[in-house]
Amino acid sequence: MIDHAVHWRSNQGGLFPLSPPGTLRNFDDSSAKNLLEKTGKLFCRWETCFGQVSDSNWWHIIKDKPEVIENLPKKTRYMIRKADKAYEARPVELSVIRDKGYPVYVRAYERYDTHEPMFSEKEFRDAIETLPAETEWWGVFNRETNDLVAFSENYVENGTCFYVTMWLEPEAMAKFVGYLIFHEMELHYLQDRGFQYVSDGARSLSHDTNIHDFLIRKFNFRKAYAKLHVVYKPWLGAAVSCAYPFRNLIGKVSLGPFKKASILLKQEEIRRSCARVVG
């Protein structure tokens, strides 16, 4: 906990809220500058007007209606039931992920096209041990062997659940365990516990993913639009302003530093567009 109201997570030198967007209604540029001074991070990103604007270039993917399997597409229902015959999805303790999660993480990581480095086993364990107490874990297990084949890290606060990360072994993924774990978690959070919504987070900038389109098409998620705000350390803000006119050219270079710069400039492009959104 970095301040008294909001949980934050650090990644690639930036600060991103774990707490639901509505928690930051009193957060502003001055608050962000103070936070950067306190933490030494390079930039701070947050949202306002969550769910209160009809369209923008920034959004979260959420589901705010109870999970009723009959309301899901026919093919989705089939895949859930097929996966359920071979696998079980259920809440688990942190110790299960600490002891059994790393091989799943490694096999799942290999599917991603990302500049972000893979954790060593020690880094993996250290990372999950230091997560907020509000973190909940789900695992998917082979019914015959009881082997862990997938897991999800969920952050829970104020009647909302954010799916922070999810890792699925490719073989199990091909057998539709992704369908199963999403369905079971949505039953648990939206129906059993009566949460306001579950979220798979904000628009992705760091790697190619079709998970948000998947959730919209298969599980009736929707886009909840918001206005994006970013405050930088002064030197980084100046660098971003200087590089911004060349963002398209920088985006064509595949080297690691250029990839990171391209992501930062894409974020800045969205921030500028959101500044024009009425809300």
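1. Glu 171 and Lys 175 form a salt bridge through their side chains, with 3.7 Å from N to O; the term requires a side-chain nitrogen of Lys or Arg within 4 Å of a carboxyl oxygen of Asp or Glu. Glu 171 is exposed at 58% relative accessibility, while Lys 175 is partly exposed at 41%. Here buried stands for under 20% relative accessible area, exposed for over 50%, and partly exposed for what lies in between (1.4 Å probe, protein chains only).

2. On the basis of these values: the model is predicted, local features need pLDDT of at least 70, side-chain atom pairs count only at pLDDT 80 or more, and totals for chains, interfaces and linings use all residues. Residues are numbered from 1 along each chain as its sequence is written, and side-chain values use heavy atoms, with hydrogens and water left out.

3. A second salt bridge to inspect links Arg 272 and Glu 268 at 2.8 Å, N to O. The two residues are four apart in helix 10 (residues 256-274), and therefore separated by about one helical turn; helices are DSSP runs of H or I with at least four residues, numbered from the N terminus. Arg 272 is partly exposed, at 28% relative accessible area, whereas Glu 268 is buried, at 3%.

4. Lys 63, Glu 67 and Glu 186 belong to one network of salt bridges that share partners. Within it, the side chains of Lys 63 and Glu 67 meet at 2.1 Å, N to O. Both Lys 63 and Glu 67 are buried. The structure has 16 salt bridges by this rule.

5. How many disulfides does a search of the whole structure find? The search finds zero, with a disulfide taken as a pair of cysteine sulfur atoms within 2.5 Å. For Cys 49, the closest cysteine sulfur is that of Cys 274, and at 9.7 Å it is too far for a bond. Cys 49 is buried, with 16% relative accessible area, and Cys 161 is buried at 1%.

6. The second largest pocket holds about 290 Å³ of space. A pocket is an open set of points on a 1 Å grid over the protein atoms alone, where a 1.4 Å probe fits, with protein on both sides within 12 Å along at least five of seven lines; lining residues have an atom within 4 Å of a point. Its volume is the space filled by probe spheres set on the points, which are joined across faces, edges and corners.

7. The lining of the second largest pocket consists of 15 residues, and Pro 21, Gly 22, Thr 23, Arg 25 and Phe 50 lie nearest its centre. By class, six are nonpolar, seven polar and two charged. Ala, Val, Leu, Ile, Met, Phe, Trp, Tyr, Cys and Pro count as nonpolar, Asp, Glu, Lys and Arg as charged, and the others, Gly among them, as polar.
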